[in-house]
Amino acid sequence: MIPLVDLAAQHDQVADEVAQGWTEVLKTTAFIGGKQVAAFEGEFAAYLGVPHCVAVGNGTDAIELGLRALGIGPGDECVLPANTFVATAEAVARAGAKPVLVDCDDDTALLDVDKLAEVVGPRTKAVLPVHLYGQAAPVERITPIAESVGAAVLEDAAQAQGARRHGRCVGSFGDVAATSFYPGKNLGAYGDGGAVVTTRADLALKVRLLREHGSPAKYEHPVLGFNSRLDTLQAVVLSAKLRRLETWNAARREAAARYEELLADLPQVRRPVVLEGNLPVWHLYVVRVPRRAEVLASLHEAGIGAGVHYPVPVHLTGAFASLGHGPGSFPVAERAAGELLSLPLFPEITVGQQERVADALRKAVERTPR
Ligand SMILES: *Cc1c(COP(=O)(O)O)cnc(C)c1O
């Protein structure tokens with residue numbers, strides 16, 4: 001069996017450091033807050049090249065609190081791609097704003113910038129580019145469109161920790177950015193976690209209040225807040241893993257390059273396209289195949305843990321049916337949703353494992369009539 005993601009291989013490398021750090025936390029019994037959380041926030045901000053990082057309970061909260069810090073709520077519209085994990089839209093709706101969807105680019109599956117210009121307007125208060133599968137959305141084209149209507153840019157960087165665009169880390173382009181430390185992400189905790197990063201001190205301060213019951217000091221609650229904190233034990237894991245993230249991301253790029261070679265002579269398989277100027281971190285290696293259901297079943301039969309990200313675009317989920325976009329509303333995203341196929345990719349994947357994936361995929365597409 002070749003899993004989509006192998007978290008055990010990653011744990012082996014940090015096991016000693018995590019055990020040591022956890023022993024210290026257990027001794028002090030400071031399970032919430034503590035110096036480990038502040039230390040990780042500082043390390044992650046420095047890594048991204050952004051002045052402020054506020055760690056929160058998960059990635060979805062990070063988006064929601066980022067939006068709330070921007071003052072976004074009922075009556076406001078936030079634009080995001082139809083092809084993303086549902087959490088991007090969920091966070092917008094939870095903040096009380098209306099998600100406005102845009103179709104995606106056929107080659108990259110990222111937000112289609114040409115279509116973005118058609119949907120922004122006076123109600124648009126934020127644009128949320130999603131750096132999907134580990135590569136940056138073209139932020140330098142998105143930002144001027146957002147600015148033209150006075151909207152903020154909130155980057156959803158949950159899938160792209162360490163990805164660069166024109167040499168700069170994602171998370172440093174927008175007014176604010178949100179990321180997730182869900183275990184399977186490139187920088188993953190051993191439970192839930194997330195962070196808001198921003199260049200703006202005022203937004204960082206607001207998120208700090210919101211994550212902690214609206215409280216700047218004990219028993220003071222000037223604003224209505226939430227409980228959304230990163231556990232101290234998770235901060236220990238994340239600090240240990242952050243030290244290895246560059247090495248791991250480089251290993252992912254090597255593995256992606258190897259798939260490029262291994263799949264080059266399969267005309268039925270569309271390989272992922274990387275935008276000019278991007279240094280991706282391959283959170284997922286997503287190809288497109290015809291008759292995906294058959295191909296996927298055949299891969300599973302061969303013991304290959306392939307996946308689909310995502311089989312249903314946001315507008316066709318039950319949760320967002322109320323937006324009123326039926327089938328055909330976002331044709332590029334809908335077609336992609338039927339063809340996308342994520343192949344196993346993680347830093348420790350071996351050449352032998354990748355060859356087995358490629359062989360199984362070759363057999364699957366050749367067996368499946370076009
Ligand atoms: C994982 C993810 C999120 C949400 O993160 P959680 O920590 O699971 O809440 C948001 N957006 C994208 C694109 C993601 O992949």
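Ala, Val, Leu, Ile, Met, Phe, Trp, Tyr, Cys and Pro count here as nonpolar, Asp, Glu, Lys and Arg as charged, and the others, Gly among them, as polar. With that in hand, the shell around the ligand divides into 4 nonpolar, 8 polar and 2 charged residues. Please keep in mind through all the views below that this is a predicted model.

**View 1**
Welcome to the ligand, which is surrounded by 14 residues. The closest of them are Gly59, Thr60, Asp156, Ser180 and Lys185. As for where it is placed, the ligand sits in the largest pocket. Two elements, α3 (59–69) and α4 (87–94), each give two or more residues to the shell around the ligand.

**View 1. Polar side chains at the ligand.**
An N or O atom in the Thr60 side chain is 2.5 Å from an oxygen atom of the ligand. For Ser180, a polar side-chain atom lies 2.7 Å from an oxygen atom of the ligand. Gln159 also takes part in this view, with a polar side-chain atom 2.9 Å from a ligand oxygen atom. On its own the ligand has 380 Å² of accessible area, and the protein covers 93% of it.

Look for Asn83 in the loop between β2 (77–81) and α4. Buried means under 20% relative accessible area, and Asn83 counts as buried because its relative accessibility is 3%. The side chain of Asn83 makes a polar contact with the side chain of Tyr133, at 3.5 Å.

**View 2. Pro99 in strand β3.**
Next comes Pro99, which belongs to strand β3 (residues 98–102). Its relative accessibility is 5%, so Pro99 counts as buried.

**View 3. Leu154 in strand β5.**
Leu154 is part of strand β5, which covers residues 152–156. With a relative accessibility of 0%, Leu154 counts as buried.

**View 4. Gly134 in a loop.**
This view turns to Gly134, found in the loop between β4 (124–127) and α6 (139–148). Gly134 counts as buried because its relative accessibility is 0%. Val207 is 73 residues from Gly134 along the chain, and 25 Å separates the C-alpha atoms of the two.

Tyr310 has its place between α10 (292–301) and α11 (331–339). The peptide bond that joins His309 and Tyr310 is cis, with omega at about 10 degrees. Phe320 lies in the loop between α10 and α11 too. Phe320 has a relative accessible area of 6%, so this residue is buried. From Phe320 to His131 there are 189 residues in sequence and 21 Å in space, C-alpha to C-alpha.

**View 5. His166 and its positive phi.**
His166 lies in the loop between β6 (164–165) and β7 (168–169). The phi angle of His166 is near 50 degrees, a positive value in a residue other than glycine. Exposed means over 50% relative accessible area, and His166 counts as exposed because its relative accessibility is 56%.

**View 6. Tyr219 and its positive phi.**
We finish with Tyr219, whose place is in the loop between α7 (201–211) and α8 (232–242). Phi of Tyr219 is near 65 degrees, which is a positive value in a residue other than glycine. The relative accessible area of Tyr219 is 69%, so this residue is exposed.

Technical notes. Residues numbered from 1 in each chain as written. Predicted model: local features only at pLDDT ≥ 70, side-chain atom pairs only at ≥ 80, totals over all residues. Heavy atoms only, no water. Near = heavy atom within 4 Å. Polar contact = N/O pair within 3.5 Å; in protein donor to acceptor, adjacent residues only side chain to side chain. Areas by Shrake-Rupley, 256 points an atom, 1.4 Å probe, with all protein chains shown as cover. 1 Å grid on protein atoms, 1.4 Å probe; cavity = no way out; pocket = protein on both sides within 12 Å on 5 of 7 lines; lining within 4 Å. Sits in = over half its atoms within 2 Å of the grid points. Helix = DSSP H or I, 4+ residues; strand = E, 2+ residues; numbered from the N terminus. Buried < 20%, exposed > 50% of the residue type's maximum accessible area, 1.4 Å probe, protein only.
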